[in-house]
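Morning, everyone. Please have the viewer open while I talk. I'll keep this brisk.

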Amino acid sequence: MGESRLPSMSATESLILEMLRRRERYGLELVDSSDGKLKRGSVYVTLARMESKGFVESRQEDRAPGAIGLPRRLYRATEYGLKVHDAYQLLREALALRPAEAQG
Amino acid sequence: MTFAATITSLSRRFLTERSFELIVAPTLADFELDTAAGAHGVAMARWSVLVALAGAVWEDTVRGGDLATFAGLVCIPACYYTFFFLLGLPDGMSRLSSTIVAGLAVAVITLSLAPAIVCFWPDRETRHTPTEL
């Protein structure tokens, strides 16, 4: 019998998905708008892991012909990633409640 | 050779295509954007590229499940050279100064790591080379 593993999501991954919820962004843009929570050196490692998990998708930016330098990458959240993110948010909120609060 | 070209060359030798495309190449693209941001900005951007390169190596080896293979490849020559040096010291290590012991340890580590690196990271000819560099 096959047993499917639950997807895991770290706080950093959750933060990135929250920032990607509305529109696609560059990695550096994510770092700049994270108030120091994301680091330039490690953000792409995290994004690569998230892409492996299916939480985000990426593509190379469209460039004008003759543009110099390496193309940057644009990232966007997948529907699956946002679904897992929302589920984790609910779980975190539920676990943060004390038993008395949970009973209403 | 420019910094970006050096990093690309190291990546070509040691990283998988995927790790280069997803981790190192975007960091290099950011680095190229930052070269106009002053000496401090350039230094920070270079540091970020090096951290990303280390992260990509980590992803390929540790998360790829190959750490045990690499450790095994290092251990085999390490055991050989340690035994070799011990045989050459009939009075044991006690009469040697700490400097010589440290020197021998460095020699063993170097002689063990070098062949392991060559065996563990074979040349990957399939890498796409960015033509813009």
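Predicted model: local features only at pLDDT ≥ 70, side-chain atom pairs only at ≥ 80, totals over all residues.

Now the pairings. Two bridges join β1(A) to β3(A). Look for A:Y26, which stands opposite A:L74 in β3(A). On the other pairing, five bridges join β2(A) to β3(A). There, A:Q60 has A:R73 as its bridge partner. For those new to this, strands of a sheet pair through backbone hydrogen bonds.

Stay on β3(A) for a moment. Where do its side chains point? They alternate. A:R73, A:Y75 and A:A77 point to one face and are buried.

Next, the two chains together. How many residues of each are in contact? It is 15 residues of chain A with 17 residues of chain B. On the chain A side, α2 and α3 each supply at least two residues. The most comes from α3(A), with seven residues. By class, that side has seven nonpolar, four polar and four charged residues.

Now the core. The largest nonpolar core has 36 residues. The members that touch the most others are A:Y44, B:I23, B:V24, B:L28 and B:A52. Both chains contribute. From chain A, the elements giving two or more residues are α1 (11–19), α2 (27–32), α3 (40–53) and β3 (73–77). From chain B, they are α1, α2 (17–34) and α3. The largest share is eight residues, and it comes from α2(B).

Zoom in on A:Y44. What does it touch, leaving out residues up to four places away in sequence? The list is A:G27, B:L22, B:I23, B:P26, B:T27 and B:A52.

That last one, B:A52, takes us to α3(B), where it is one of the buried residues. What do the buried residues of α3(B) pack against? They pack against α3 of chain A, together with α1 and α2 of chain B.

Here is a quick check on the length of that helix. α3(B) has 26 residues. At 1.5 Å a residue, the helix should span 38 Å. Its end C-alpha atoms are 36 Å apart, so the two values agree.

Last, the domains of chain B. Domain 1 is 1–64, and domain 2 is 66–123. How far apart are their C-alpha centres? They lie 30 Å apart. The contact takes five residues from domain 1 and four residues from domain 2. On the domain 1 side, α1 (3–14) and α3 (38–63) each supply at least two residues. The residues on that side divide into two nonpolar, two polar and one charged.

Note on methods. Residues numbered from 1 in each chain as written. Chains lettered and ligands numbered in written order. Domains from an automatic or database assignment. Contact = placed C-beta atoms within 7 Å. Helix = DSSP H or I, 4+ residues; strand = E, 2+ residues; numbered from the N terminus. Nonpolar A, V, L, I, M, F, W, Y, C, P; charged D, E, K, R; others polar. Core = buried A, V, L, I, M, F, W, Y, C linked by C-beta atoms within 7 Å. Buried ≥ 20, exposed ≤ 12 C-beta atoms within 10 Å, placed from the backbone. Pairing = 2+ DSSP bridges. Expected span 1.5 Å × (residues − 1).
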